[in-house]
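Thank you all for coming. I would like to take a few minutes to walk through one model, and I ask you to keep the sequence and the coordinates open while I speak.

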Amino acid sequence: MRVALPPGAPRIALGVAFAALLVAPPLVSSFLLALLTQAAIYAVLAMSLDIILGYIGLASLGHAAYLGLGAYSVGILATRHGAPFWVTLAVGVLLATAVASIFGLFALRASGVYFLMITLALGMVVWGLAHRWVTMTQGDNGISSVPRPDLGLPWSFSRGIPFYYLALAGFLLALVVLRTIVRSPFGQTLVGIRESESRMRTLGYHVWLHKYLGFVIAGAVGGFAGVLWAYYNGFVSPADLDLATSTEILLMVALGGRGTLIGPALGAALIVGLKNLVSVYTHRWLLILGAVYIGTIVYAPEGIVGALRQWTKGERAMGKKVIVSLAVLALLVGLAAAGPAWAQKGPIKIGVITAMTGGAAQIGKDMTNGISMWLDENGGTIAGRKVEVIVEDSQGQPNVALTKLQKLVESDRVHVLVGEIFAHIGYAMAPKVDEYKIPMLYPVIAADDLTQRKPAKWVVRTGWASSQPSHPFGEYAAKNLGYKRIVTIGIDYAFGWEVVGGFQKTFEENGGQIVQKLWAPLNTTDFAPYLSQIRRDADAVFALMVSISASRFPRQYQDAGLKAKLPLIGGGTTFDEFVLPSLGDEAIGGMSPLIYSAALDTPVNKKFVAEYRKKYGKVPSYFSETSYTSTRWINEAAKAVGGDVENREKFLEALRKVEIPDAPRGPVKLDSYGNPVQNIYVRKVEKKDGELWNTVVHTYPAVSQFWKYKPDDFLKQPVYDRNFPACKHC
Amino acid sequence: MDFWISQLFNGVSYGALLFLLAGGLSLIFGMMRIVNMTHGSYYLLGGYVGLTVIWRTGSFPLAVVLGALTISLVGIAEWNAFLKRLSGQELGQVLTTMGFALIFQDLALVLWGGDPYTIAVPAALSGSLVVGQLYFPVYRIFIVAVAVVVALILWLTLEWTRIGAMIRATVDDPEMARGVGINVYLISMVVFALGATLAALAGVVAGGFVGVYPGADFEILPYAFVVVIVGGMGSLKGALIGSLMVGLLDNFGKALFPELSYFTLFAPMAAILAVRPTGLFGRA
């Protein structure tokens, strides 16, 4: 098949596209509007990278660093110092410019593969700081609650449509500026250098200086994109600037067509669409994204715009392969965009947001298992109405979670939401949930302040608060176990600080002393650097591990010769049912407190564990239990309002009043702050029939998040963090 | 003093693991200038295959061998189907291998689920060697031993065998090598497969130590790159010294300057690159 495009076509197409972008907002769903906003911001970033890739001709693998610099400037200045838009904008762009002008000195000493590796290394330096310089960047917690900008204009940018126009304006500004630059003599010289460096040198051009200036300009514009990105998302996290993001920007540029500016913008739109829309239809969206990476190189090495140009100039006929792949891609995106418009009234719709891909995918699976199991046991109905569950993959990323939240509320029109795993995502979602006025259950997210100092009206926690099990356990360690001196080692983020902090408070109030506090980064699997620092003159070690780290810690603790000297106790997640199957005998004897144990000896729980095992082939984790109970929770509340979940205010009120006397974990009800009052079990790892179980050795009944303190007094102290309570005996 | 000795040991043994991972990557770089984003996936898949073998047979040595061999086939397939056509196109290589990395990541999740697992190691390799107040986990000593053996085999092969000579010739000057009748394509494929094999071997070995879990691929990838960048591409000696440096920097960085721990890892690397863009022992 041969297709020739008329010469004026590109201009007309562009004109139509821009007109469409201008009038789009009132016509499209707000979910699509959110994607367009994201695409506009990523387009700025991709176009800036195009200066390096398309015009200088070097592939950079560290461009996300500038996005990060811009975004963190906003995050830090706007939340901590209340800086206005223009200040954060100036600082963000200047910081990115300054860093790019330093990085350029390093990177431009090399070319080809070496340039790629150096930019990768420099990108990792910035990522490393975002990840670990906790006092400045909050580390893995990320910075949340970044307010939308106030430009002194009559429109409020906290709403979707005005912000879309702001992003679009940013995009057009970047496009005009970059277009002017690449069409100037300077830009033409860059192209000349790309084609033949030696010729340009012979002609007397200062080759290095041109490349250097191009590199710095790209960094500056990348910083600008970062500023917009932070304001759009409302928070910043290290994931914004990791290696995967850097490669994704490269893909955007390559897919759209490098050296064309408008191509990368198109590529950005396509990839944003692909990531968010395809994952609505299949949890296997990563396979498709992977195929797009490979397909771009195989079928369209010059990118879409590059290929179009060649066809309009008649240099090449459009290959059948290219047409087919473009058609498939367009179909996919189109299908996805048109899709979620069906379904009006009828069933009760539960929207579930959790990680279905990536490192936390199994936790997401445990959660959806719990939800399905309750529904299966109850005929798939809630309060007599049919139930439809829509599961959306957050990919473990805050910005994706927010986009999916929007999709579930606005396109699917769900009645109630359940979800998420990570505290920083919980904090990012809470204000949105309040804005939408839709009830959302948090079965897993434990961040204390969600039900203490920063409560969200529409969020109902059905799990537990981080420090809730720690309070009784600190007393238990001092009184029942008789420990006097304890070393703590915890995972270095808010959840870890809160679990350790709660333990330290009550342990020390009961006469104990914390003599050393160690912190290891999230996902640490090699604890050698920390274990060798542990003070051997203590009575015990309190470890707060999660997931992957928990699966490795006890073995390394034993191998370091510590288990024989210092008994190991910990937070609930250190030995929970999620990690027990991956632990060996080294874990035996480990004690920890939690709201649940699969070994809990009650008829309800025994039945729950047996059924769950039969169905899913494994012992339920607390993730499964809290999600199972959350589904029942929705049922109880829906029954109380006679199935009228459409009346959200009433439904929320009912959700807050639910009391479940016989959940697998025991009796549960909410306190007036919205956190469950429930039993805390002190558990000890024991081996029975060749399996590890958390035998319950002591029960603290009906424990509140405030323990024995008066809520008002308790709330006067700051939320637990790395340095609160201070380590007086270290 | 005890602190320093045990941290030194930790750093060296972590460096040994990194050498297994990055030694092959360095050779691939040196010969083909391929930026292989799939390298972390070989590590991950190797661990998972090893895990399956352990579950089925209970044999640790078999897990190591089968894990490594299976993944070498994956490497050969990827090389033949895609990468060999992309020589000299950094962008194409990065994007293609990134695409594979994403696909492998998702396939692993489908096949093995998302639970963290541990590869059970033989009793002889567990426990610790106690010297005075110091504990040296036997498994970490084992990793160092494996790395030493692999380094020796690689060195002897490269320096003293015919195929080694052909590899060195191809690294130095592929055109010339082709001119004197060396089958450069075949040699490249062998080296690529070797890189994949070593990464998978590292994956199985690491499985008994840090476990096998989703996300390990992209977690370990930057480390492999750092080793190659610091040591210099295509140099065995560089990979060895680079691994040790990175292992030690990482370990002491985490122990002494926790807030700057990645900075202490990546910043010296940038400094080295500023002085020598091709790494310590690399040739441009």
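Predicted model: local features only at pLDDT ≥ 70, side-chain atom pairs only at ≥ 80, totals over all residues.

Residues are numbered from 1 along each chain as its sequence is written, and chains are lettered from A and ligands numbered from 1 in the order in which they are written.

Let me begin with the contact between the chains. Two residues are in contact if their C-beta atoms, placed from the backbone, lie within 7 Å, and on that criterion 63 residues of chain A and 64 residues of chain B take part. Helices and strands here are DSSP runs, H or I of at least four residues for helices and E of at least two for strands, numbered from the N terminus. On the side of chain A that touches chain B, the elements giving two or more residues include helix 11 (243-256), helix 13 (285-299) and helix 16 (361-377), but it is helix 5 of chain A that gives the most, with 15 residues. That side of chain A divides into 37 nonpolar, 19 polar and 7 charged residues, where Ala, Val, Leu, Ile, Met, Phe, Trp, Tyr, Cys and Pro count as nonpolar, Asp, Glu, Lys and Arg as charged, and the others, Gly among them, as polar.

Turning to chain B, we find 11 helices and 2 strands, running from the N terminus as α-α-α-α-β-β-α-α-α-α-α-α-α. Its C-alpha trace spans about 60 × 45 × 35 Å along the principal axes. Of the 284 residues of chain B, 60% count as buried; a residue is buried if 20 or more other C-beta atoms lie within 10 Å of its own, exposed if 12 or fewer, and partly exposed in between, with C-beta atoms placed from the backbone.

How is chain A divided into domains? The assignment, whose bounds come from an automatic or database source, gives domain 1 (9-15 + 31-339), domain 2 (342-466 + 601-674) and domain 3 (470-594 + 679-716). The C-alpha centres of domain 2 and domain 3 of chain A lie 27 Å apart, and their contact takes 19 residues from domain 2 and 14 residues from domain 3.

A nonpolar core is a set of buried Ala, Val, Leu, Ile, Met, Phe, Trp, Tyr and Cys residues joined through C-beta atoms within 7 Å. The largest one has 349 residues, and Val44(A) and Val226(B) are among those with the most contacts inside it. Helix 2 (residues 30-56) of chain A supplies the largest share of this core, 21 residues.

Chain A also holds an open sheet of 6 strands in the order 2-3-1-4-5-6, with mixed pairing, where two strands pair if DSSP finds at least two bridges between them. Strand 4 (residues 416-419) and strand 5 (residues 440-442) of chain A pair in the parallel sense over 2 bridges, and Leu417(A) has Met440(A) as its bridge partner in strand 5.

Finally, Pro347(A) sits in the loop between helix 15 (320-338) and strand 1 (348-354) of chain A. Pro347(A) is partly exposed, because 15 other C-beta atoms lie within 10 Å.
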